[in-house]
Amino acid sequence: MLPTMDGMAVAKRLREAGNQTPVLMLTARDAPIDIVTGLDSGADDYLTKPFSIDILLARLRAVSRRGAIARPTRLEIAGVTLDPATRSVTRNGESLNLTPREYRLLELLMRNAGRAVSRDTILDWVWGFGSDVSENTIEVFMRLLRMKVDTREPKLIQTVRGFGYMMR
């Protein structure tokens, strides 16, 4: 019962896109068919209102115990290859020397290829929660990263005005 699509459609789209983020549906829809449809659409768990906070927390712990989501060993987009095992990055076979922050920024963009990544997400992923880094710092690092990654066509890193960045 979300504004543009319901949670079932959101879960289904996530799974179709290969996104394995754990999903716990929290809803007022408590008919057996709704629960079955929710779980079949890709939800990992389903909790109906009203609910106890203790039960919600226990279900969140259970979903989080299911283990880490398998990540691809190498990420490749349009000639850019990022290997997390060796922390190496190449473009068309040419090695790119990235700083640790540039590497984390590129990894975040590559793991979310085709999707816009917000500035807040970038701050949390690259600098950590609660960091005292300004949005101007993101722009500086993005420019530095572009100077190393986007030296030839096609340009892969794009600005999403008023929101963040994406890699296509």
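Which residues does I122 touch, not counting residues up to four places away in sequence? They are L105, L108, V117, W127, I138, M142 and Y165. The model is predicted. Its protein chain comes to 6 helices and 9 strands.

- In soluble globular proteins, nonpolar side chains tend to be buried together.

**Aromatic rings and a charge**

- The structure holds 1 aromatic pair. The ring centres of W127 and F141 are 5.3 Å apart. Their planes meet at 80°, over the 60 degrees that edge-to-face requires, so the pair is edge-to-face.
- W127 lies in helix α5 (residues 119-127), and F141 lies in helix α6 (residues 135-149). The pair therefore ties together parts that are 14 residues apart in sequence.
- W127 has a relative accessible area of 15%. That is under the 20% limit, so W127 counts as buried. W127 is also among the residues that I122 touches.
- The ring of W125 has the charged end of R104 over it. The distance to the ring centre is 4.6 Å.

**Overall form and surface**

- The protein chain has a radius of gyration of 19 Å. A compact globule of 168 residues would have a value near 15 Å.
- Along the principal axes, the C-alpha atoms fill a box of roughly 55 × 35 × 30 Å.
- Buried residues make up 33% of the 168 residues.
- The accessible surface is about 10300 Å². Carbon and sulfur atoms account for 54% of that surface.
- Take the contacts between residues at least 6 apart in sequence. Of these, 45% join residues at least 24 apart.

**Backbone features**

- A cis peptide bond joins K49 and P50, with omega about -10°. P50 is in the loop between β2 (45-48) and α3 (53-64).
- The peptide bond from E153 to P154 is also cis, with omega near -5°. P154 is in the loop between α6 and β8 (157-160).
- R87 is a residue other than glycine with a positive phi, near 55°. It lies in the loop between β4 and β5 (88-91). Its relative accessibility is 47%, so R87 counts as partly exposed.
- N92, likewise not a glycine, has a positive phi near 50°. It lies in the loop between β5 and β6 (94-96). Its relative accessible area is 53%, so N92 counts as exposed.

- T37 is in helix α2 (residues 32-40). It is partly exposed, at 37% relative accessibility. T37 and M8 are 29 residues apart in sequence, with their C-alpha atoms 7.4 Å apart.
- T21 is in the loop between α1 (7-16) and β1 (24-27). Its relative accessible area is 40%, so T21 is partly exposed. T21 and V126 are 105 residues apart in sequence, and 20 Å separates their C-alpha atoms.

Key:
Residues numbered from 1 in each chain as written. Predicted model: local features only at pLDDT ≥ 70, side-chain atom pairs only at ≥ 80, totals over all residues. Heavy atoms only, no water. Phe/Tyr/Trp six-rings, centres within 6.5 Å; stacked < 30°, edge-to-face > 60°. Helix = DSSP H or I, 4+ residues; strand = E, 2+ residues; numbered from the N terminus. Buried < 20%, exposed > 50% of the residue type's maximum accessible area, 1.4 Å probe, protein only. Lys NZ or Arg CZ within 6 Å of the ring centre and 35° of its normal. Contact = heavy atoms within 4.5 Å. Rg over C-alpha atoms; globule rule 2.2 N^0.38 Å. Areas by Shrake-Rupley, 256 points an atom, 1.4 Å probe, with all protein chains shown as cover.
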